[in-house]
Number of protein chains: 2
Amino acid sequence: MSLVRVHNFAVSLDGFGTGEGQSFEAPFGHAGHRLHDWFFPTRSFRAMQGQPGGSTGIDDAFAAQWGPGIGAEIMGRNKFGYQRGPWEDEEWQGWWGDNPPFHTPVVVLTHHVRPPLEMEGGTTFHFLDASPAEALEMARQLAGDQDVRIGGGPSTVRQFLDADLIDQMHLVVVPIVLGRGERLWESLEDVERRFTVEAVSAPSGVTHLTFTRTSTE
Amino acid sequence: MSLVRVHNFAVSLDGFGTGEGQSFEAPFGHAGHRLHDWFFPTRSFRAMQGQPGGSTGIDDAFAAQWGPGIGAEIMGRNKFGYQRGPWEDEEWQGWWGDNPPFHTPVVVLTHHVRPPLEMEGGTTFHFLDASPAEALEMARQLAGDQDVRIGGGPSTVRQFLDADLIDQMHLVVVPIVLGRGERLWESLEDVERRFTVEAVSAPSGVTHLTFTRTSTE
């Protein structure tokens, strides 16, 4: 069976996976870039942007696991864009331009279904109103025998954790206090008991945590 | 000027410094021992209990900083005991027995003042109804020219952070999700901007964070 994986998911010390007040100008709200400053210098991030070079240390060792073996992503509607409710602007094709970095099918969870959106480079957004388990079934079909990545945001990761559908999760604890935004951990008391958790700090100041579901070790 | 320091203060991944439901049987509520499992094996903890031996690795390197140079502690009333409101049982002398591990004056913040309590081994509990700044002034007098430790619980550490009275803070991020209890970080948005923060993970699974106030580096 293919695995369900989370990668490069950053949270603040107070557990927020995104700030308050998402908008076109501020995809992560008042958090700005601060949850991802560790990520931008890495070779993996730069390669996603079509740029050469970048760091190849501890942060990149984790960042580089994002792509290989992944056949599809599932993301929440708020990762796809800043609009809420019915789509007023169907021209919106995500934050990532004509050639998004996913290069696989992407299932976007939304109560407001719209036709699939085929982008350059192999990314197709499929809009689906479904439970986590149903979305995973669709993503697995789209992924062939490859793994499925849960791309975020916080409520999407939380829903898949709640449903015990995640096999591997890489979190990045960033030593900032956001104070407000969307919490990852709400409703997840004792979730770590289902996982083996390891931690390593990087010179950038962040701490990488790996959660490996005990039954899949 | 003497420093104001926090040591060995453990928080869960979701930011709780203690669990819900403190009682005589459960000083940390439903968290039980889980926030402090990293601490018990250390030589420093065992020495506090009058026991020989113990680990002398990374966790102990941090734990051992708790005592040296400290001339007084300030703690919240809920660290001292489980009673709330007026003291119904003045026989209560804290969780620590006849010879508490502090061996210095200890200022206990409470709205219900009672006479000082002199214990064996140099610990005297002084009960004070005061602001953080006033309590610190008293603790500094009691400490001579030595440092003052802010001993917790979460709301006490938070109040001293809010008042910008803390120079050094050692936190221990324990990879558990408590879900409920008392949060450290409430009201502390951007608090890290006043500090230089460093992180190191230990084989026990916890991550030690040091906060050094920028102006005191």
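**A note on a predicted two-chain model**

1. Let's start with how chain A is held together. Among contacts in chain A with a separation of 6 or more, 64% are between residues 24 or more positions apart. Here, two residues are in contact if their C-beta atoms, placed from the backbone, lie within 7 Å.

2. A word on what you are looking at. This is a predicted model, in which local features need pLDDT of at least 70 and side-chain atom pairs count only at pLDDT 80 or more, while totals for chains, interfaces and linings use all residues. Residues are numbered from 1 along each chain as its sequence is written, and chains are lettered from A and ligands numbered from 1 in the order in which they are written.

3. Next, the overall build of chain A. Its secondary structure comes to 5 helices and 11 strands; helices (H or I, at least four residues) and strands (E, at least two) are DSSP runs, numbered from the N terminus. The radius of gyration of chain A is 16 Å, close to the 17 Å from the globule rule for 217 residues, so chain A is as compact as a globular protein of that length. That radius is taken over C-alpha atoms, and the rule is 2.2 Å times the number of residues to the power 0.38. The C-alpha trace of chain A spans about 45 × 40 × 35 Å along its principal axes.

4. How much of chain A is buried? Of its 217 residues, 43% count as buried, meaning that 20 or more other C-beta atoms, placed from the backbone, lie within 10 Å of the residue's own.

5. Now trace the sheet in chain A. Its 9 strands form an open sheet with mixed pairing, in the order β5-β6-β4-β3-β7-β1-β8-β11-β10. Two strands pair if DSSP finds at least two bridges between them. At the edges of chain A's sheet are β5 (117-118) and β10, each pairing on one side only. Within the sheet, β1 (residues 4-12) and β7 (residues 147-152) of chain A run parallel and are joined by 2 bridges. You can find A:R5 opposite A:R149 in β7(A).

6. Two helices of chain A deserve a look. Helix α4 (residues 132-143) of chain A packs on the sheet, touching β1, β3 (70-76), β4 (105-109), β6 (124-128) and β7, and its direction makes about 150 degrees with that of β3(A). Helix α5 (residues 154-162) of chain A lies across β1, β3, β4 and β7, running at about 135 degrees to β7(A). Axes are lines fitted to C-alpha atoms, for helices over the stretch in contact, and angles run from 0 to 180 degrees between N-to-C directions.

7. Over in chain B, β3 (residues 70-76) and β7 (residues 147-152) run parallel, with 5 bridges joining them. B:A72 stands opposite B:V148 in β7(B).

8. Where do the chains meet? The contact takes 23 residues from chain A and 23 residues from chain B. On the side of chain A that touches chain B, β10(A) gives the most, with 4 residues. By class, that side has 13 nonpolar, 5 polar and 5 charged residues. Ala, Val, Leu, Ile, Met, Phe, Trp, Tyr, Cys and Pro count as nonpolar, Asp, Glu, Lys and Arg as charged, and the others, Gly among them, as polar.

Notes: A residue is buried if 20 or more other C-beta atoms lie within 10 Å of its own, exposed if 12 or fewer, and partly exposed in between; C-beta atoms are placed from the backbone.
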